[in-house]
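Subject: Structure for you to look at

Hello,

Here is the structure I said I would pass on. My notes follow below it.

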Amino acid sequence: MYRREVKAVSKIKYFVQQSWLLILSSFCFGLLLAIANAAWSPRIEQNRINKLNALADRLIPGADFVPLEKSGVVIEVISLKGDRKKIDVYKAMSGEQCLGWSFNAVGPGFQDKIELIIAVDKDFKTIAGFDVLASNESPGTGAKIKEKDFQKQFKGKPAAKLELIKSGQAKDNKILAISGATISSEFVVEIINHYIKVVRQEMQKKGLLGNDKE
Amino acid sequence: MTKNSDTTASIYKETLLAGLWRENPVFRLLLGMCPTLAVTAAVKPALTMGLSVIFVLVCSNIVVSLMRNLLKPHLRILMFTLTISTFVTIADLFLRAFQPVMSETLGPYVPLIIVNCIIICRAEACASKNNLVVSIIDAIGMGVGFTLTLCVLAGIRELLSTGMIFEAKVMPDWFVPWAAMSMPVGAFITLGLLLGLVNRLTKGKS
């Protein structure tokens, strides 16, 4: 019994001898990271909000964007991967009048995921536009999803199922693909189609929109 | 006494210059190839990556050098990784807070500094065997050598792919930008040509 206790104590002693530096360093580094995170995380969050607001303001000019979360409404939708995901939905207000909605959307891209901000009118019937929050598409081709020439096609289109075409006129619900970047264009259209549908459904469920079909 | 201080000064000078040319991490040791190829489409992100690597290298070399006599041989790689990942996370948070645009441009390549071979190589080859001053000088030499290499590569690629340097137009109006130079193919071709050039210049000298 005594021998076993001595063995156990020496095992603990050996463990401490071997790993005290690792344990102490982990504690110190953890503390350092916690301080850095506490000091800079408000600024990082502010940068994210500023960027969202700047992009949303370009899509619905002159509006004040009020996050729905502020009024206690959380919007969760099924993402393109199939999992449930919380998204940030903003109500675009001008005084007392609602001008529209904006929300972020994310989906797969050609090289990496594509993150968009999408804006629609107050009834979710017309697309006010979209902009790219983050993407790593190929320079010279797929990266053109960030350019105004591609983005302006979406403005005023019906918030229904958009269709991508490779040539011809981008009329009605048709969007002309970027030459040499059909796959990136397809991903953008797919993300917009999916998120408009699921966000509308979720908002109708919450009673934020009427139940009329487009 | 004077001889001793002369020897020390020459060791410091040798250590500093080694990273810049003789043991340049990219051109001579072929280390840190991932950021060299991935973030050199323009000079600004290349410079930001280089400065981040200098910060991480200097901090990790300081910590490793200070704890070198306490390191257990079988735990040393674990300690190096822990140290490096701490400073990389701090660099990443700093960029996200104060340089959000650049942080977005660099994307996952800032967190990936953790697996940059230059840093673990200098911790193992220099900082764990030398005093604090030599370790700091080595980190500065290697870091500056890496940054300069990245900037040269990025300068050539940005110039040929956009006709600009630091977003300022440099090439004449008749110049047709080569979009391929901003793509991975441009990175491989430019790096290959520069490696060939450096090998040619140093042929027979080693």
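In chain B, residues 24 or more positions apart account for 75% of the contacts with a separation of 6 or more, a contact being heavy atoms within 4.5 Å. This is a predicted model, in which local features need pLDDT of at least 70 and side-chain atom pairs count only at pLDDT 80 or more, while totals for chains, interfaces and linings use all residues. Residues are numbered from 1 along each chain as its sequence is written, chains are lettered from A and ligands numbered from 1 in the order in which they are written, and side-chain values use heavy atoms, with hydrogens and water left out.

Chain B contains eight helices and two strands (DSSP runs, H or I of at least four residues and E of at least two, numbered from the N terminus). Their order from the N terminus is α-α-α-α-α-α-α-β-β-α. Of the 206 residues in chain B, 46% are buried, meaning under 20% relative accessible area with a 1.4 Å probe, protein chains only. The C-alpha atoms of chain B fill a box of roughly 60 × 45 × 30 Å along the principal axes.

Strand β4 (residues 89-94) of chain A runs antiparallel to β5(A), joined by six bridges; strands pair if DSSP finds at least two bridges between them. Ala92(A) has Gly100(A) as its bridge partner in β5(A). Two residues lie between the strands of this hairpin, and Gly95(A) takes a positive phi near 65 degrees.

β5(A) also pairs with strand β6 (residues 114-121) of chain A, antiparallel over eight bridges. The partner of Asn104(A) in β6(A) is Ile117(A), and six residues separate the two strands of the hairpin.

Regards

Conventions:
Buried < 20%, exposed > 50% of the residue type's maximum accessible area, 1.4 Å probe, protein only.
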